[in-house]
Amino acid sequence: MADSLASQIAQNLVLADTPAIHVDEVKGNDQTGKGTIESPLKTTVSAVAVLEAIPANVQSSFSIVVKKDGETEYKDISGAALKKAKKTHEINKKKAQKNEERGAKEEAAVAAKAHEEARKLEDSKKIKLEQDPSLPAPVEVKLKDVPKNLEKRVKVSGWVKSRRDQGKDMVFLVLRDGTGYLQCVLTGKLCHTFDALTLTLESTVNVYGIINRLPEGKTAPGNVELVADYWEVVGKAPGGDDAYSSLFNTESNPDVLRRLRHLVLRGDTASSVLKVRSRTMKAFRDHFDSLDWYEVNPPCLVQTQVEGGSTLFALNYYGENAYLTQSSQLYLETCLASLGSVYTISESFRAEKSHTRRHLSEYSHCEAEIPFIKFKDLLDTIEGMVKGVVARLWDEPETRKMLVELNLRKNDEANDETKAAQIVGRDFADIKSLIEQPFLRMEYKDAIKWLNEHGVKREEDGKDFVYGDDIPEKPERYMTDAINKPILLTHFPRSIKAFYMQRADVSELKGYEDFMHDPPTESVDLLVPGVGEVVGGSMRIWDTEELMDAFVREGLNPETYYWYLDQRRYGTMPHGGFGLGIERFLAWITNRFSVREVCLYPRFTECCQP
Ligand code: 4AD
């Protein structure tokens with residue numbers, strides 16, 4: 001028992017003139033007890049501490065009374081028990097004293113250290129670094145070019161990714177500048193300045209010095225290091241509670257990671273994903289360029305829907321109703337007569353209420369439209385594009401390296417699902433070999449059969465799927481994962497697809513006799529393992545009357561689509577196209593769990609920041 005508590009209890013007992021210190025070994029409490037019959041202590045050792053705190057002149061009139069387990073009344077403490085309790089109390093007192101002394105010593109040591117550090121910091125302010133004018137002028141290089149400048153004096157600029165101190169005279173910094181990483185070694189006076197002592201992670205610095213090959217047995221990025229002769233801070237990052245390393249880690253709550261996305265982007269995984277994203281956009285453009293297709297830039301503010309009214313973002317456009325575009329398809333169709341085949345990579349918007357790993361409110365949509373083709377040509381074009389783009393990425397050594405690493409790295413960044421649902425590492429070569437084989441081509445009605453044969457049931461009523469059912473995300477992914485190949489799933493019934501899709505010629509198909517109430521369309525979804533649908537496409541209705549019927553059937557006002565209809569009136573032709581969700585494609589090739597991880601700043605339900 002602490003001295004202060006014992007004194008307090010003793011004082012109260014003296015004031016109340018209660019000469020017995022009560023100990024109830026069952027119901028008493030040494031923390032809250034008062035030594036009275038109503039509120040007894042628990043141990044005789046505490047009672048001895050209280051007795052000792054009673055002033056000497058009245059102490060002899062006080063005694064300790066004890067109620068043991070099973071007893072109903074308090075009895076005077078026995079001589080032997082009192083002796084034992086006093087002995088234990090003495091031991092406790094000595095221990096407490098020792099602890100106090102140790103605590104005081106430690107406090108003094110901490111204070112001395114703090115004093116010493118404050119003194120060192122003060123002294124460090126007097127140390128000023130200067131460039132040596134006799135040294136050769138430095139070559140300014142980006143970090144990726146450092147290995148090409150061996151043994152030259154360079155100047156590099158970047159963010160401090162890590163810092164390791166070795167003794168008092170050596171600091172290793174790893175810098176990052178977006179193009180690469182470099183270890184810089186600061187020695188002697190260079191690591192004694194105020195800036196050196198207070199340098200925090202994510203501060204920006206300029207470092208000057210000679211690039212050397214790493215000594216045998218050491219490791220650092222690129223196997224080189226910069227031995228600095230001068231350095232300076234450009235911008236310091238906060239330390240303490242606001243330090244970059246204190247803000248989050250991979251275990252942080254997804255909401256925290258989302259709010260700090262602008263800082264999370266600096267991490268290895270996020271930056272590799274964004275680099276792969278940039279290369280992927282280029283690979284799509286290069287692929288279309290190799291086909292001599294033109295890129296066009298349709299508007300995002302529109303007054304027509306493409307993919308159904310339920311996912312439209314509506315807005316007031318100078319007093320008129322307008323929407324954020326769901327797809328640029330209709331505008332691409334209007335370009336065919338002037339440019340031939342065209343494509344765009346533009347933002348599309350969907351007011352998706354569902355929180356899934358593959359739905360965003362805003363996504364990058366790669367869409368293309370091709371005139372004078374047949375449905376089979378469309379399927380070949382989609383397959384050729386996916387194969388061509390993956391092959392281009394594979395052929396770039398730097399991109400391939402990032403893809404290999406990302407595929408191996410299990411998913412550890414922001415997602416809402418449990419850890420158990422995370423994707424585990426895999427070999428990127430698996431994707432390469434997948435795209436080298438012909439994609440499976442399967443009709444929708446056969447997918448329904450497949451699901452039923454494999455015991456996959458409808459979620460809403462646990463019954464078998466029937467022709468006309470939309471195949472939801474989970475069963476679709478289950479089937480794709482089980483088949484483990486890209487699947488071009490074709491011939492969806494008209495009722496579950498968009499208004500513009502061309503009816504299929506059933507004379508070329510088998511087994512549709514029972515389904516003509518909801519005829520198949522020349523439509524396709526490309527499904528890939530791990531993600532499901534990445535592409536949606538179709539042949540388009542090219543006959544004006546048929547298109548007018550579709551507008552009536554879907555309750556759309558043909559007047560707002562006058563320009564789309566003119567496409568049929570002024571020289572129509574069979575044509576088709578498709579749209580690929582860049583984020584879904586990226587989630588597939590980078591082995592990320594959610595499409596949110598491959599966006600710069602994902603937009604989804606309730607998230608519009610940063
Ligand atoms: O299947 P969708 O809705 O097709 C169209 O929009 C057509 N007009 C495209 C065309 O033929 N030009 O969407 C095409 C693709 C989907 O396969 C998917 O990859 C992606 O766009 N997508 C989404 N990606 C992320 N979040 C969403 N909410 C998406 N909705 C569709």
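In the predicted model, a polar side-chain atom of Arg 350 lies 2.8 Å from an oxygen atom of the ligand. The side chain of Glu 352 places an N or O atom 3.1 Å from a nitrogen atom of the ligand. The protein buries 94% of the 630 Å² that the ligand exposes when taken alone.

The shell around the ligand holds 22 residues. Glu 307, Gln 329, Glu 367, Glu 533 and Val 534 are the closest of these. By class, the shell comprises eight charged, eight polar and six nonpolar residues.

The second largest pocket was examined next. Its space amounts to about 660 Å³. The lining of this pocket consists of 22 residues. Nearest the pocket centre lie Thr 179, Gly 180, Tyr 181, Glu 398 and Lys 401. Two helices, α9 (268–290) and α13 (397–408), each contribute at least two lining residues. Helix α9 provides the largest share, with six residues. The lining divides into eight charged, seven polar and seven nonpolar residues.

How values were computed:
Residues are numbered from 1 along each chain as its sequence is written. This is a predicted model: local features need pLDDT of at least 70, side-chain atom pairs count only at pLDDT 80 or more; totals for chains, interfaces and linings use all residues. Side-chain values use heavy atoms; hydrogens and water are left out. A residue is near a molecule or strand if one of its heavy atoms lies within 4 Å of it. A polar contact is a pair of N or O atoms within 3.5 Å; within protein, one must be able to donate a hydrogen and the other to accept it, and residues adjacent in sequence count only if both atoms are side-chain atoms. Accessible areas come from the Shrake-Rupley method with a 1.4 Å probe; for residues, only the protein chains shown count as cover. Ala, Val, Leu, Ile, Met, Phe, Trp, Tyr, Cys and Pro count as nonpolar, Asp, Glu, Lys and Arg as charged, and the others, Gly among them, as polar. On a 1 Å grid over the protein atoms alone, a cavity is a set of points where a 1.4 Å probe fits but cannot get out, and a pocket is an open set with protein on both sides within 12 Å along at least five of seven lines; lining residues have an atom within 4 Å of a point. Grid points are joined across faces, edges and corners, and a volume is the space filled by probe spheres set on the points. Helices (H or I, at least four residues) and strands (E, at least two) are DSSP runs, numbered from the N terminus.
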